[in-house]
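Reader: Could you take one part of this model and go through it closely, giving the criteria behind each term as you use it?

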Amino acid sequence: MYVLNTWYVAAWSNEVDRKPVKRVICEQPLVLFRTQNGTPVALADRCAHRAFPLSEGRTIGDSIECGYHGFTYGEDGMCTKVPAQSTIPERAKVRKYPLVEKDGWIWAWMGDAELANPADVPDTHWMTDPEWATVTHSFHFKCRAGLIHDNLLDLTHESFLHKTTVGDDYIYEHGITVEVEGSVVSVDRLMPSVEAPPLYADTMDARGLFDRFHCTEFFVPNLHVLHSGITGEGKPRAEGYLIKVLNGITPIDERNSWYYYAFSRNFAVDDAQATEDLRVGLNTVLQEDADALEAQEIGMQSRPAGEFDVLIAQDGGVAKARRILSTLIKREQASDTARPVAGARA
Ligand code: FES
Ligand SMILES: [Fe+2]
């Protein structure tokens, strides 16, 4: 069950070029490539002829040629050539998916193309803003997307899972403030007068006590923007060392997800060593998450029917986000049911 009328991160801009690339999003296989002028295109990765993956074929001009019998499709998904005959069957076409390319990501719209509005892609400008330095990672998480959402909405796991990098007992000792605005859930935690996390302390050159904060802003269902950092005790957050962690979460299927990760900072921006240290350290953090969530997914598979999560106060954001996600899915299903079937009589 997925929300389809939304933008999901489908790839990094630099992953897509003339050579076709395959991605599965919400169980739908896509082929991505660029036209000669660099425009990214996403089509269903299934040839209309006999379902061979178009991603196994090649681009010719602005078209893609199937590697099996040569059916060729334009960037609009319409078949323009059938090598073995001069006529093109009417049904020889594949679905085209709307795309938006912004700040280093290519976003794909998986639902009704008529509802796709590029203005709905959330703000991620930090990734390309020269005032910020960015480290990126991509991970295949062997778990459902919901476990990643829960993980990011409940950062008390940092105290235990990420002890050596970003964790400390003081995290779970501080409560959260949860806010909801439309389909965006924010979970904010302020931790006054504490030490900087080990992973950042060196790169920030921060010794002594600070006010640490992190606020997860979840744009249900596709992106978490984590606004975090440290600032002087009692000082405004904006004056501190600031971090924006962008987490593009894209379901592959019910047990696998793509995780597109960008960590942007407004300190030590030109420090190549800091960038390298963070790249290595953050890879450790993400691998710890990936391993934990894979184990959790296995745990979910063996959980008897009728046994559910035991949510606590720190799960306030988790509960709110789950409710919004389920409302969005139900709303989509209801509007699908309400839509007249093509050819049906009124
Ligand atoms: S399956 Fe693509 S041309 Fe035959
Ligand atoms: Fe984590």
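Author: Helix H1 is mostly covered, with nine of its nine residues buried, where a residue is buried if 20 or more other C-beta atoms lie within 10 Å of its own, exposed if 12 or fewer, and partly exposed in between, the C-beta atoms being placed from the backbone. The buried residues of H1 are Ala-145, Gly-146, Leu-147, Ile-148, His-149, Asp-150, Asn-151, Leu-152 and Leu-153. The model is a predicted one, in which local features need pLDDT of at least 70 and side-chain atom pairs count only at pLDDT 80 or more, while totals for chains, interfaces and linings use all residues. Residues are numbered from 1 along each chain as its sequence is written, and chains are lettered from A and ligands numbered from 1 in the order in which they are written.

Helix H1 (residues 145–153) packs against helix H5 (residues 272–301) at an angle of about 125°, with the axes 10 Å apart. That angle makes H1 oblique to H5, since angles under 35 degrees count as roughly parallel, over 145 as roughly antiparallel, 65 to 115 as roughly perpendicular and the rest as oblique. The axes are lines fitted to C-alpha atoms, for helices over the stretch in contact, and angles run from 0 to 180 degrees between N-to-C directions; helices (H or I, at least four residues) and strands (E, at least two) are DSSP runs numbered from the N terminus.

On the H1 side the contact is made by Leu-147, Ile-148 and Asn-151, and on the H5 side by Asp-289, Leu-293, Gln-296 and Glu-297, two residues being in contact if their C-beta atoms, placed from the backbone, lie within 7 Å. Sorted by class, the contact of H1 with H5 has three nonpolar, two polar and two charged residues.

Elsewhere in the chain, some backbone details deserve a look. The peptide bond from Val-220 to Pro-221 is cis, with omega near 10°, and Pro-221 lies in the loop between strand E15 (210–219) and strand E16 (223–231). Ala-51, although not a glycine, has a positive phi of about 70°; Ala-51 sits in the loop between strand E4 (40–44) and strand E5 (58–60) and is exposed, with 10 other C-beta atoms within 10 Å. Asp-103, likewise not a glycine, has a positive phi of about 55° and is found in the loop between strand E10 (99–102) and strand E11 (105–109).

Technical notes:
Ala, Val, Leu, Ile, Met, Phe, Trp, Tyr, Cys and Pro count as nonpolar, Asp, Glu, Lys and Arg as charged, and the others, Gly among them, as polar.
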